[in-house]
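Subject: Structure handover and notes

Dear colleague,

I am passing on the structure below, together with some notes on what was found in it. Please read the notes with the structure open beside them.

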Amino acid sequence: MNGAAPAPSPWLPTAPCVPGRHCAAHPDAEAVRRAAPGTAPAPLACARLAAGLATVLLGVALLPAAALLPSAGRLRLARLWARAVVRAFGVRLTVTGAPPGGGPALVVANHVSWLDIPVVATVLPGRMVAKREVRGWPVLGALAAHGGTLFLDRDGLRRLPGTVREVAGALAAGGRVTVFPEGSTWCGRAGGRFRPAFFQAAVDTGSDVRPVRIDYRPTGAAAYVGEDPLGASLWRVVRVPRLTAEIRILEPISAIQYPDRRLLAAAAQRAVQQPVTPRPTTPPLTTPRQARATATRRPDLRRPGLRRPAVPRQPTGRGQEAEAPAAYRAVASDSANRPSSSVHHRTSSNPASASSARTPS
């Protein structure tokens, strides 16, 4: 053998994002050593790193006790632990959208960093699908294995159907499984194509797909791409001040509506990668009760521009005004016994007012 590295699998997902380029502009070691502007002080970074690793170890210690809890208790404990891990590393979390209720769901999200796993678990705890290399990570690998993570051998295409069947079995049992269908991490400024393999599990079980979008601010600070070492990524995360993880829980996609895994994967990719647009502000709707109140409200005669309707009077030859004719007296006497709406619409010359009174509730 000539000792050359084996060629990567042609089907293995890859991303063009690498550290040091504009797509993932990581601070170099010299800038970190000098505590350049925009980075947290070294003592604070060390405290965050120690707190984060201690919280991860605490999760490993609690695994035997968590196994004795019912399913709802384990999910609640996992959510609290994941939130504690994110906060310990100095990451702020903002969540948009309502998390789904019970029932099986295939959670799919874009992939930026190792932080994606605890960030998603803060709102949607469940089993994860991770690459086989995660199993060998110190501390985190043991925690992932004891937490029920399904490990995928990305170099072995023949083993992929078996992993998909495991995901389908977890969904059929009523569980929740999180998948990163891009297959590789991206810097956050761009995303990759969603691979359709694991969407077959949702199609086979009729489970909903729950798309999730993850963003980090500042962009690229938490990116874990290419040959970036895990230790360097941990140190970079704790050095960034006010690092914020934004997670948006999008509307579910029914596998019944998209019975083909490729169509289902394309629909989920469009939902996750679409640009965020602010919602237009709409005026409040008028309820039927408010419409009736507006239609039957008496006009305020004290307001400027509103006059009491005049009753015609007949002048006399002696310079005095005589009483109104009998027809006007009948209208005036009859209006006193009618509701105010009848008086208002009889005297109003505005056709919009009359149409409002005829609008059914």
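What follows covers the basis of the values, the overall make-up, and then a few local sites.

The model is predicted, and for that reason local features need a pLDDT of at least 70 and side-chain atom pairs count only at pLDDT 80 or more, while totals for chains, interfaces and linings use all residues. Residues are numbered from 1 along each chain as its sequence is written, and side-chain values use heavy atoms, with hydrogens and water left out.

**Overall make-up**

The protein chain holds 13 helices and seven strands, these being DSSP runs numbered from the N terminus (H or I of at least four residues for helices, E of at least two for strands). Of its 361 residues, 36% count as buried, where buried means under 20% relative accessible area, exposed means over 50%, and partly exposed lies in between, with a 1.4 Å probe and protein chains only. Among contacts with a separation of 6 or more, 76% are between residues 24 or more positions apart, a contact being heavy atoms within 4.5 Å.

**Strand E2 and its partners**

Strand E2, residues 105-109, is mostly covered, with five of its five residues buried. Ala105, Val107 and Ala109 point one way from the strand, whereas Leu106 and Val108 point the other way. E2 runs parallel to strand E5 (residues 176-179), to which four bridges join it, and parallel to strand E6 (residues 208-217), to which it is joined by five bridges; two strands are taken to pair if DSSP finds at least two bridges between them. Val108 has Val179 as its bridge partner in E5, and Leu106 has Val209 as its bridge partner in E6.

Within E5, Val177 counts as buried at 0% relative accessibility. Leaving aside neighbours within four places in sequence, Val177 is in contact with Ala105, Leu106 and Val107 of the chain, and also with Arg127, Val129, Val167, Ala170 and Leu171. The C-alpha atoms of Val177 and Gly126 are separated by 5.6 Å, although the two residues are 51 residues apart along the chain.

**Charged residues**

Which residue is the nearest side chain of opposite charge to the buried Arg210? For Arg210, which lies in strand E6, that side chain is Glu251, 5.4 Å away, and Arg210 has no salt bridge. Here Lys and Arg count as positive and Asp and Glu as negative, with His and the chain ends not counted, and a salt bridge is a side-chain nitrogen of Lys or Arg within 4 Å of a carboxyl oxygen of Asp or Glu. A polar atom of the Arg210 side chain does lie 3.0 Å from the backbone oxygen of Leu250. Not counting residues up to four places away in sequence, Arg210 touches several residues, including Leu106, Val107 and Val108, as well as Ile249, Leu250 and Pro252.

By the rule above, the count comes to two salt bridges. Arg213 forms one with Asp215, their closest N and O atoms being 2.9 Å apart, and both of these residues are buried. Arg236 forms a salt bridge with Asp228, with the closest N and O atoms 2.4 Å apart; Arg236 has a relative accessible area of 8%, and Asp228 is likewise buried, with a value of 8%. Arg236 is one of the buried residues of helix H8, and seven of the 10 residues of that helix (residues 230-239) are buried, so H8 is largely enclosed by the rest of the structure.

A search of the whole structure finds one aromatic pair. Phe89 and Trp114 form this edge-to-face pair, at 5.5 Å centre to centre and with 70° between the planes. Phe89 lies in the loop between helix H3 (71-88) and strand E1 (91-96) and Trp114 in the loop between E2 and helix H4 (116-121), so the pair ties together parts that are 25 residues apart in sequence. Rings of Phe, Tyr and Trp (its six-membered ring) pair if their centres lie within 6.5 Å, with planes under 30 degrees apart counted as stacked, over 60 as edge-to-face and the rest as tilted. Both Phe89 and Trp114 are buried.

Ser207, in the loop between helix H7 (199-205) and E6, is buried with a relative accessible area of 2%. Its side chain makes a polar contact with the side chain of Thr205 at 2.8 Å; such a contact is a pair of N or O atoms within 3.5 Å, where within protein one must be able to donate a hydrogen and the other to accept it, and residues adjacent in sequence count only if both atoms are side-chain atoms.

With best regards
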